[in-house]
Amino acid sequence: LNGLCPPVSTVVLVCALLSLFSLSHACPKECNCNSNTKVVDCRGRGLYDIPRRLHPDTQELYLQDNRIRGLGSMAFREIPLVRILDLSNNSITSVSPTALLGLRTLQHLSLAYNSLRELDKRLLGPIRSLSHLDLSHNSLWGFPGAIGDSLRNLSHLGLAHNRLTRLDRSLLEALTHLDSLTLRSNPWRCDCQLMGLKLWLETYLFKGGVVDEVLCSQPEDMKDKDLQKVPYQLFHTCMTTSYHYLFANIHHLENERLLRGAGGGGGGLPECEPKQRHRPVNLRHAIATVIITGVVCGIVFLMMLVAAVYGCAYAAIMAKYQRELKKNEELAAAQRADHAKADEKEPLENAIA
């Protein structure tokens, strides 16, 4: 029996190691943990930092309503499988570009109700599974366009209650799966730089997207006006430099219509073609403006062409007239000279006779 059983010292050592391993990943004393659902709840515990010794199988971590002020490099390296991370209502002012490194399965991230002023474009680079991002109620003054490549699977983006004055259209166009967007309570400056956002909103709403509102703060004559309802005529100074945005928008809408028409169920044509959704009024006005401008420019061009042809014809006729007039004058002068010689010769002949 003694030969079959391991020594007592070995059993004690193994038990000690297992106990140590279990303690190293025990639930932090500041949190409540559910081993079945793999949820760690650390809400409202007055934490100043991310708790340590989190179990590596953690899938949901709730840290809202604490006093966390910053996120360092690889702050969540202990929980690489986390899917939901809620850091709302803290005092976060800085986030390291590598704070979320390793979280390749993260789907839901909330940094709302903090004091963020900017985000590094590298922050969400390693994450491709993110579907919900809430950055509302911060102090963001800009949103890097390059970050859009990391948000292609995003379905909800919250940017309300920040300090945004404009938003890069290239960023929004990268969010091909976006279903809802919040933009209210930002000091939007409704000038030529916001033309791209207005045109993108037309396409987004046409495709069935949901957005709250974009109220202008500047200039003064547009204050408190909803950008979606501002007529394109007020952007007339921008139209000459923004036609390519409009035509790209129209082309995109036409492609969407064709794709919907070709995408019938089971590869066949549907029995009834779905009724086309009406284009927003502002878009129709913009198209009419472009058509009218094109017609006017065409008429002006034709008038200039006619004037040029008339001018050339008139110049040719006048040149020919001048040449003929000069030729006639030279001929008349020659005839007068001949008559003069004849008159001088006649008296001389009479005198000789």
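Reply: A disulfide is here a pair of cysteine sulfur atoms within 2.5 Å. The model is a predicted one, in which local features need pLDDT of at least 70 and side-chain atom pairs count only at pLDDT 80 or more, while totals for chains, interfaces and linings use all residues. Residues are numbered from 1 along each chain as its sequence is written, and side-chain values use heavy atoms, with hydrogens and water left out.

Me: What makes the pair C27 and C33 a disulfide?

Reply: The S to S distance of C27 and C33 is 1.9 Å, and the cut-off is within 2.5 Å, so the pair is called a disulfide. The link of C27 and C33 is right-handed, with 80° about the S-S bond.

Me: Why is C27 called partly exposed?

Reply: Buried means under 20% relative accessible area, exposed over 50%, and partly exposed in between, with a 1.4 Å probe and protein chains only. C27 has 37% relative accessibility and therefore counts as partly exposed, and C33, at 39%, counts as partly exposed too.

Me: How do you know that C31 and C42 are joined, and which parts does the pair tie together?

Reply: A disulfide joins C31 to C42, with an S to S distance of 2.0 Å. C31 lies in the loop between α1 (8-24) and β1 (32-34) and C42 in the loop between β2 (39-41) and β3 (60-62), so the pair ties together parts that are 11 residues apart in sequence. Helices (H or I, at least four residues) and strands (E, at least two) are DSSP runs, numbered from the N terminus. Both C31 and C42 are buried.

Me: Is the link of C190 and C216 right-handed or left-handed?

Reply: With -95° about the S-S bond, the link of C190 and C216 is left-handed. C190 lies in the loop between β11 (188-189) and α3 (195-206) and C216 in strand β13 (residues 216-218), so this pair ties together parts that are 26 residues apart in sequence.

Me: Why is C312 called exposed?

Reply: C312 has a relative accessible area of 54%, and exposed means over 50%, so the label exposed applies to C312. C297, with 48%, is partly exposed.

Me: Where is M318, and is M318 buried or partly exposed?

Reply: M318 is in helix α5 (residues 281-352), and at 32% relative accessibility M318 counts as partly exposed.
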